[in-house]
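Thanks for coming. I will walk through one model, starting with its pocket and then moving along the chain.

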Amino acid sequence: MTAGFFELVLDGQSLTIAQVVRVAQAAPGTLHLRLDDAAQARVRRAQAAVEQIIAQEQVVYGITTGFGAFKNIFISPEQTTQLQRNILMSHAVGVGAPFPTNVVRAMMLIRANTLALGHSGVRPQVIEFLLRLLERGVHPVVPRQGSLGASGDLAPLAHVSLVLIGLGEAEVQGEILPGAAALARVGLAPLTLQAKEGLALTNGTGLMAALGCLAVAEAENAARVADIAGCLSLEALHGTTRAFDARIHAARPHPRQVECAARLRELLTGSEFTRDRPGVLGEDRQPAPSADFVPPHRHTPVDPQDAYTLRCIPQVHGACEDAIKYARWVVEIELNSATDNPLIFVDEASGAVDVISGGNFHGEPLAIAFDYLGLALTELGNMSERRLSRLLDADSNGHVLPPFLTADGGLNSGFMLVQYTAAALCSENKALVHPASADTIPTSANVEDHVSNGPIAGRQARRILRNLETILAMELLAASQGIDFRRQVLGPDTRLGQGTAPVYELVRTQVPFVTTDVVMYPLIETARQLVISGAVVASTLN
């Protein structure tokens, strides 16, 4: 394959979060997606079982019956095709702004992989159709609201599936078109769905799993940035690394706490900005001032320990990392799971068919994981905002830094209002972190009497993430400003840690030292782009 071209073979059993993210972000013409041969065989066996059920007029939910509360209504063989079309039309009830393209693409890939397990009873061409849409850049318009995350993501998946039959709307080449026109634009004709196919396309956790894949990847990046920002703030605040000593964390061996402390030690290796001198607690390297800023009094620290948001980074960030790891574990299982209903099982040796109604569509595992994830991300934001506040508050930081990180306070407000916005985002996160999975409202005439609200939990977690990324960007800006002021005292050649130095340099290539008041929001956005692009983390790995 040419450089930048990505080939993926779906087998229903080995899809990864990284692969979903890669496909979700891919441009048309850069992918080749196909169904594994063994998966095709499984899919065909289940399809043949559905045809047998229809021919024998067996009573099987969703194949020869209606849906939900209409589960007791028999559907004749002549009506099965209309039944599958009807479920897409009647279930496409989503409202609100549409999901971004990457979420929709992730949904489509995950649904195709689920169907590839061979328990859903669809034809291989249904799966192949989804893959062709991804390759050619046809993206159904999917409203954000309407799924309860039980009976799966019915409304969002119905909006995706409408385009397969030439209905609904889709974005192609930046233009929103009716479903049939969108297909025609890329040389495809609408499908006519057969028995079970409409139900299989809509009944599952595709949206929740898509939100989870993207949230996990984004959260892992944000967590690493939080570690880095915390270290840069510690250096700007003249903190100590003593609290990251491996012996402390071995004495309370929570794995993620131990790992976080090790990362912090590595990031700060070689730093001359901390108040660490082997064997002499509280002493410090203090060269003569070299530029304009001189603190109100000489700072000779006697404190043996820092504030919690510096000293307890491993304990708090490590606990948050546990939540991210848990979300990854849940999502990776979900990606390769059959989540529709009923499921078809065909004995390979005897050919015996068993169709079992169950509840694999229920999003509770994902919903709880997303609520947990949102809580962890909120805490990372709380920690970052408090460090930011300490960078700006001269009384809190012992006058290591000038008030609000400006040399001419009064005429200039410096970074004062940056903390206001960070505080507002933290407060918003605290409202968003209410667990969606704690709520439930029965549906379908009380047949579907408990729901997970997983899509709400997933959307909330990603909204918290967006706020967290901005808070971290603000902390990086303020910490870099603080480093510049400390260099005026310590000297221009004073070394940062081996991991924080390249991050400081990265920030400074995009955002200069702020000498007098300027319009701040473009600087915040520039730093935010460095965070979300992965550039901050990548700079520490070079």
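**The pocket and the rest of the chain**

The lining of the largest pocket is made up of 11 nonpolar, 14 polar and 3 charged residues. In that count Ala, Val, Leu, Ile, Met, Phe, Trp, Tyr, Cys and Pro are nonpolar, Asp, Glu, Lys and Arg are charged, and the others, Gly among them, are polar. This is a predicted model, in which local features need pLDDT of at least 70 and side-chain atom pairs count only at pLDDT 80 or more, while totals for chains, interfaces and linings use all residues. Residues are numbered from 1 along each chain as its sequence is written, and side-chain values use heavy atoms, with hydrogens and water left out.

Staying with the largest pocket, its volume is about 480 Å³. A pocket here is an open set of points on a 1 Å grid over the protein atoms alone, where a 1.4 Å probe fits, with protein on both sides within 12 Å along at least five of seven lines; lining residues have an atom within 4 Å of a point. Points are joined across faces, edges and corners, and the volume is the space filled by probe spheres set on them. Which residues lie nearest the centre of the largest pocket? They are Tyr61, Phe67, Gly68, Ser151 and Glu448, out of 28 lining residues. Helix 3 (residues 80-91) gives the largest share of the lining, 5 residues.

Now the whole chain. It has 19 helices and 9 strands; these are DSSP runs numbered from the N terminus, helices being H or I of at least four residues and strands E of at least two. Along the principal axes, the C-alpha atoms fill a box of roughly 90 × 50 × 45 Å. Of the 542 residues, 55% count as buried. Buried means under 20% relative accessible area, exposed means over 50%, and partly exposed is in between, with a 1.4 Å probe and protein chains only.

Next, helix 9, residues 206-236. Its 31 residues should span 45 Å at 1.5 Å a residue, and the end C-alpha atoms are 45 Å apart, so the two agree. The expected span is 1.5 Å times one less than the number of residues. Histidine 238 follows helix 9 and has a positive phi, near 60 degrees.

On to the aromatic residues. The whole structure holds 3 aromatic pairs. Rings of Phe, Tyr and Trp (its six-membered ring) pair if their centres lie within 6.5 Å; planes under 30 degrees apart are stacked, over 60 edge-to-face, and the rest tilted. Tyrosine 326 and tryptophan 329 make a tilted pair, 5.7 Å centre to centre with 35 degrees between the planes. Both sit in helix 13 (residues 313-335), 3 residues apart, or about one turn of the helix. An α-helix has 3.6 residues a turn, so residues three or four places apart point the same way. Tyrosine 326 is partly exposed at 30% relative accessibility, while tryptophan 329 is exposed at 52%.

Tyrosine 326 also forms a tilted pair with tyrosine 372, at 5.9 Å centre to centre and 50 degrees between the planes. Tyrosine 372 is in helix 14 (residues 364-392) and tyrosine 326 in helix 13, so this pair ties together parts 46 residues apart in sequence. Tyrosine 372 is partly exposed, at 36%. Tyr326, Trp329 and Tyr372 form one aromatic cluster.

The charged end of arginine 487 is over the ring of tyrosine 504, 5.2 Å from its centre; the cut-offs are NZ of Lys or CZ of Arg within 6 Å of the ring centre and within 35 degrees of the ring normal.

Last, the backbone. Most residues other than glycine have a negative phi, and most peptide bonds are trans. Which kind of peptide bond, cis or trans, runs from asparagine 341 to proline 342? That bond is cis, with omega near -5 degrees, and proline 342 is in the loop between helix 13 and strand 8 (343-346).

Lysine 196 has a positive phi, near 75 degrees. Its place is the loop between helix 7 (179-185) and helix 8 (197-202), and lysine 196 is buried at 0% relative accessible area. Asparagine 453 has a positive phi of about 60 degrees. Asparagine 453 is in the loop between helix 15 (416-432) and helix 16 (454-490), and is buried at 6%.
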